[in-house]
2 protein chains.
Amino acid sequence: MDIKQELKKRADFFDKQLEKFLNNGTPETLYDAARHLPFAGGKRFRPVLAFLSCEAVKGDVVKVIPLSIALELIHNFTLVHDDIMDKSKLRRGLPAVHIKYGEPTAIIAGDLLFTKSFESMHNIIDDLSIFKNVEYGLIDCIREICEGQQLDIEFEQRKIVSEEEYIEMIRKKTAVFFQYAAEAGTILGGGTKEQANALNEYGVSLGLGFQIWDDYLDISSDEITLGKDIGNDIRNGKKTLIACHCLSHATGDDKKILEKIYGNQKATEQQIKQVYEILKKTGSIDYAKKTAISFCEKAKEALEILPETEAKQILLSFAEYATEKRIK
Amino acid sequence: MDIKQELKKRADFFDKQLEKFLNNGTPETLYDAARHLPFAGGKRFRPVLAFLSCEAVKGDVVKVIPLSIALELIHNFTLVHDDIMDKSKLRRGLPAVHIKYGEPTAIIAGDLLFTKSFESMHNIIDDLSIFKNVEYGLIDCIREICEGQQLDIEFEQRKIVSEEEYIEMIRKKTAVFFQYAAEAGTILGGGTKEQANALNEYGVSLGLGFQIWDDYLDISSDEITLGKDIGNDIRNGKKTLIACHCLSHATGDDKKILEKIYGNQKATEQQIKQVYEILKKTGSIDYAKKTAISFCEKAKEALEILPETEAKQILLSFAEYATEKRIK
């Protein structure tokens, strides 16, 4: 099975639905700003995960369309607001919304995407109690994303963040969305409570594996050149699993050097290299790699109770792809 | 009847409900930021309007509590984000959220208030189809508020804005919220379709009257001193009904002076006085006053079909209070 092909097939189907839903409106500038990111591409992982979860319980994917649109719009709303907070200039190879349309319009465009995601949820044709249940899940999910985003901001200012705290932060900021997409997709597909729990477990583990693998890729793909990305993360004191592990496991001189340099904006190239060597020596890079793979294994195990379907095979491959084959 | 007393009684009842709902949470800083404005006072007009509309159709106000909380949280969410956009430093006599907690946390706090308002809506204990209907109204209302906010930004950059365009902008930015509060309060109170339409009409007319009266108060209360507020509005090219009327009704030299000075950041004190005289001479200040009163009359007329209740009397007095007695 060509996993990329299978994901793309569903992403293309999703794109057609999004095109139908997210129309122009007035004032035009506001709608242009709101449409800027959703139509600038993106891998559509969240909608695709919702479709696959529905398929895995032999449900009708048409029922999942409103949810899939809501998921992608919420994801995009958080990106628009995050880019303002982080003062990021580029996103998906294009100017960020606040760069192209100004900060005020970008804030409103994010708010509009938030609103439109709930508008989409109201297109769910299911039983009203299922609609209410699934919509409440989305509300809970967004609350956790807000909390996770705030934790991420606060962690940058802290010297030490435990591994447990880091996992909790990325669970809220990233994994909760995969968790919700998979569970809600299952519910709308008519899955049982047990199946919904299994997909919930799959989603959260996949999300955690995904994010930790990203951290690992950032540092390992940069290994040869030891380019500016690692340098920036070290200077900004960015708390990845690698950093959290190393800051709590390094000892003696290594610990002292780490505490002095990690989060020091004025760290020299020489010092960055020194930190990198300590990250390797303490086994932190390897630890992150193993942790990501182990979360993806856990994701796969969660699917055991599902009937044998093509969707199940794709979900299993997706969990492997998330760590082994995926390049950011 | 003491209208202020009647409004305050219901605002106090509301405050107790809000205190119960909007709890602390983690991360603490985020929840402190989100609670900053809602607990800094405010007149609670939207919740009170929802309660009164429910009472006017002899409904049980307890059923309106989740809606009233949602209304106030959405109102506060828009204030948090608006203050960032406008770079306002103060709100309700306290530092704005982004001044006290920084812009990133303020953006997230606004998003969290948005989320919590939908969480509150899910506490509606009514029939599921009524819940869905009322919640959809809220979504529609927020979409219009986003559109109105963007129009307001765009109008500042434009030379001429017609009266119709101005009315449409404030309808979306302000009045739609009163409109929705009144209509949804009636529906949850078990009112008929005809009653819901009447309260809808009352809400939108009251909202328009309210906003135009604010514009009028800004300029007339500043009349003696001709203080810096009028000066700033004129220099920023702020489009109020007074400005829109004057820009399209002034003729000859007046028109030329107006076009030259209105929106000119470098206008002198002398020029500001000149513009003020033209606003008076063209009858634009008086026109705004009359328009505000006429919208409030329209609001009162809409209530004719309602049964005689204390709530109806309060709503009638509220519409008078909105223009005749109210001081900002």
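**Entry 1: how the copies meet**

I looked up which surface each copy uses. In this predicted model, 100% of the interface residues of chain A are also interface residues in chain B, so the copies meet through the same surface. I noted the contributions: 39 residues from chain A and 39 residues from chain B take part in the contact.

**Entry 2: what the interface is made of**

I looked up the buried area. Chain A and chain B bury about 3700 Å² between them. Carbon and sulfur atoms account for 70% of that area. How many salt bridges are there between chain A and chain B? I found zero. Polar contacts do turn up: the rule finds 12 residue pairs across the interface of chain A and chain B, both residues at pLDDT 80 or more.

I then listed the elements on the side of chain A that touches chain B. Those giving two or more residues are α2 (28-36), α4 (65-86), α6 (103-121) and α7 (128-157) of chain A. α7(A) gives the most, with 16 residues. By residue type, this side of chain A divides into 21 nonpolar, nine polar and nine charged.

**Entry 3: salt bridges**

I turned to charged pairs. Side chains of opposite charge can pair when their charged atoms come close. Over all chains, I found 48 salt bridges in the structure.

I picked A:Lys63 and A:Asp126 to start. Their side chains meet in a salt bridge at 3.8 Å, N to O. A:Lys63 lies in the loop between α3 (45-56) and α4 of chain A, and A:Asp126 in the loop between α6 and α7 of chain A, so the pair ties together parts that are 63 residues apart in sequence. Is A:Asp126 buried or exposed? I read A:Asp126 as buried, because its relative accessible area is 15%, under the 20% cut-off. A:Lys63 is partly exposed at 31%.

A second pair in chain A is A:Glu201 with A:Lys298, their closest N and O atoms being 3.8 Å apart. This pair links distant parts of the chain. A:Glu201 is in helix α9 (residues 193-220) and A:Lys298 in helix α14 (residues 284-302), 97 residues apart. I have both down as partly exposed: A:Glu201 at 29% relative accessibility, A:Lys298 at 41%.

I also noted a network. A:Glu6, A:Lys9, A:Arg10 and A:Glu55 are linked in it by salt bridges.

**Entry 4: helix α14 of chain B**

I moved to chain B. B:Asp286 forms a salt bridge with B:Lys290, with the closest N and O atoms 3.3 Å apart. Both lie in helix α14 of chain B, four residues apart, about one turn of the helix. B:Asp286 is partly exposed, with a relative accessible area of 42%. B:Lys290 counts as exposed at 55%, over the 50% cut-off.

I then looked at B:Thr291, placed in helix α14 (residues 284-302) of chain B. B:Thr291 counts as buried because its relative accessibility is 13%, again under 20%. Which residues does B:Thr291 touch, not counting those up to four places away in sequence? I found B:Ile212 and B:Leu241.

Terms used. Residues are numbered from 1 along each chain as its sequence is written. Chains are lettered from A and ligands numbered from 1 in the order in which they are written. Side-chain values use heavy atoms; hydrogens and water are left out. Buried means under 20% relative accessible area, exposed over 50%, partly exposed in between (1.4 Å probe, protein chains only). Contact means heavy atoms within 4.5 Å. Buried area is the accessible area (1.4 Å probe) that two parts lose on being put together, summed over both. A salt bridge is a side-chain nitrogen of Lys or Arg within 4 Å of a carboxyl oxygen of Asp or Glu. A polar contact is a pair of N or O atoms within 3.5 Å; within protein, one must be able to donate a hydrogen and the other to accept it, and residues adjacent in sequence count only if both atoms are side-chain atoms. Ala, Val, Leu, Ile, Met, Phe, Trp, Tyr, Cys and Pro count as nonpolar, Asp, Glu, Lys and Arg as charged, and the others, Gly among them, as polar.
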